[in-house]
Amino acid sequence: MSTPRAAMRRPAISPGALLAAVMLAAGAVHAGEAAVEPLPMTEIAPGVHVHHGSHRAWSAGSASDVANLGVVVGSRCAAVIDTGGSPALGERLRAAIRRLTALPVCYVINTHVHPDHVLGNVALAGGSPPPEFVGHVRLGPSLSARAPYYLEAFRRESGQALAAETVVYPTRTVAERATLDLGERRLQLRAWPTAHTDNDLTVYDERTGTLFTGDLLFIGHLPVIDGRLRGWLEAIGELKALDVQRAVPGHGDTTADLRRAIAPQEAYLSAVRDGVRAAIKAGVPMSRAVDELAGTGTAGWQLAAEFHRRNLTAAYAELEWED
């Protein structure tokens with residue numbers, strides 16, 4: 001594992017300043033833990049807890065609770081997998097963790113760069129000792145490039161200005177694979193080639209056979225292409241071959257049958273690929289292709305109106321130049 005130069009440009013900030021940023025983002029100074037409503041968590045396997053987000057597009061405020069978040073507890077410490085779409089949601093996650101265990105959080109793992117998975121990090125950054133923030137080797141540079149947009153979107157939609165220090169960068173990165181020891185429990189981390197994004201990371205709990213896929217797997221929520229369509233289909237082929245007891249998608253319900261659960265996503269992405277390839281071969285320009293394929297493969301998916309046309313545009317831009 002290594003830490004990219006860009007990831008190390010994060011501002012130096014004390015735990016006290018981080019806590020102040022959290023309280024500013026939440027809009028009020030909390031009088032105590034009683035003021036924070038803990039996120040509901042479900043124990044899906046011994047020591048493995050999940051909060052399932054709702055199927056909505058991310059925005060600041062109430063629609064920040066859209067991604068699945070995980071907590072895995074070992075005998076020495078706990079690990080958190082994604083932290084939600086706002087500092088206030090991260091506070092609620094922290095309150096939930098305190099209900100689950102008195103052990104410290106030693107690792108906060110981000111499965112990828114999107115704001116619904118990372119903007120709660122700051123709520124967990126002020127521990128003593130602070131946890132390590134773990135991500136794909138490309139997470140730091142990607143987050144650095146996107147952070148100004150995330151902060152501006154948050155200000156525009158919520159009316160609350162977040163300090164730049166609210167965005168917490170990885171302190172430990174994974175280029176290929178890594179193992180984290182929680183005490184009598186090991187997590188296997190894998191950094192994937194560009195698929196959903198260019199910084200997808202999966203987390204596998206050896207003890208219970210639970211795989212946190214991040215957004216390499218969507219269930220119910222239309223998959224969103226922000227990386228490389230062909231790479232994502234290749235990753236799906238590898239995921240289907242894995243022998244796991246259960247999988248926690250980035251969005252949607254936990255599943256005991258990963259191969260079956262990933263089939264609709266594979267079918268949708270394949271339909272996008274094949275439809276766009278045919279349009280390109282026929283010389284159909286992008287704008288017309290997006291209109292003509294507006295209903296392709298979207299049956300049964302939520303949020304198709306929000307994301308399908310964007311997926312078609314991304315796929316066209318990628319496939320137009322394929323060999």
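Which residue takes a positive phi in the hairpin of β8 and β9? In that hairpin, which has four residues between the strands, the residue is G183, with a phi near 90°. The structure is a predicted model, in which local features need pLDDT of at least 70 and side-chain atom pairs count only at pLDDT 80 or more, while totals for chains, interfaces and linings use all residues. Residues are numbered from 1 along each chain as its sequence is written, and side-chain values use heavy atoms, with hydrogens and water left out.

**Seven-stranded sheet**

- Seven strands form an open sheet with mixed pairing, in the order β1-β2-β3-β4-β5-β6-β7. Strands (E, at least two residues) and helices (H or I, at least four) are DSSP runs numbered from the N terminus, and two strands pair if DSSP finds at least two bridges between them.
- The edges are held by β1 (42-45) and β7 (172-174), each of which has a single partner strand, so one side of each is left without a neighbour in the sheet.
- On average, neighbouring strands of this sheet are turned by 25° against each other, direction ignored. Axes are lines fitted to C-alpha atoms, for helices over the stretch in contact, and angles run from 0 to 180 degrees between N-to-C directions.
- Four bridges join strand β3 (residues 69-73) to strand β4 (residues 78-81) in the antiparallel sense. Within β4, V80 stands opposite V71.
- Helix α2 (residues 87-100) lies across β2 (48-51), β3, β4 and β5 (105-109), and runs at about 25° to β3. Contact here means heavy atoms within 4.5 Å.

**Five-stranded sheet**

- A further open sheet has five strands in the order β8-β9-β10-β11-β12, and its pairing is mixed.
- Strands β8 (177-181) and β12 are the edge strands, each pairing on one side only.
- Strands β8 and β9 run antiparallel and are joined by five bridges; R177 has R190 in β9 as its bridge partner.
- Strand β10 (residues 201-205) pairs with β9 in the antiparallel sense, also over five bridges. R190 has T202 as its bridge partner in β10.
- Strands β11 and β12, by contrast, run parallel, joined by five bridges. L211 has its bridge partner, A247, in β12.
- Helix α5 (residues 229-240) packs on the sheet and touches β9 (186-191) and β11, its direction making about 155° with that of β11.
- Helix α6 (residues 258-281) lies across β11 and β12 and runs at about 10° to β11.

**Cavity**

- There is one cavity of 30 Å³ or more. On a 1 Å grid over the protein atoms alone, a cavity is a set of points where a 1.4 Å probe fits but cannot get out, whereas a pocket is an open set with protein on both sides within 12 Å along at least five of seven lines; lining residues have an atom within 4 Å of a point.
- The largest cavity holds about 50 Å³ of space. Grid points are joined across faces, edges and corners, and a volume is the space filled by probe spheres set on the points.
- The lining of the largest cavity includes N68, L69, G70, I81, D82 and F212. Two or more lining residues come from each of β3, β11 (210-218) and β12 (246-251), and β12 gives the most, with three.
- Five nonpolar, five polar and one charged residue make up this lining. Ala, Val, Leu, Ile, Met, Phe, Trp, Tyr, Cys and Pro count as nonpolar, Asp, Glu, Lys and Arg as charged, and the others, Gly among them, as polar.

- The largest pocket contains about 480 Å³ of space. Of its 22 lining residues, W58, H114, P115, F307 and R310 lie nearest its centre.
- The elements giving two or more residues to the lining of the largest pocket are α3 (115-118), α4 (139-158), β11 and α8 (304-319). The largest share, five residues, comes from α4.
- By class, the lining of the largest pocket has ten nonpolar, four polar and eight charged residues.
- The second largest pocket has a volume of about 320 Å³. It is lined by 15 residues, and the closest to its centre are R94, R98, P104, V105 and G127.
- Helix α2 supplies the largest share of the lining of the second largest pocket, three residues. This lining comprises nine nonpolar, four polar and two charged residues.
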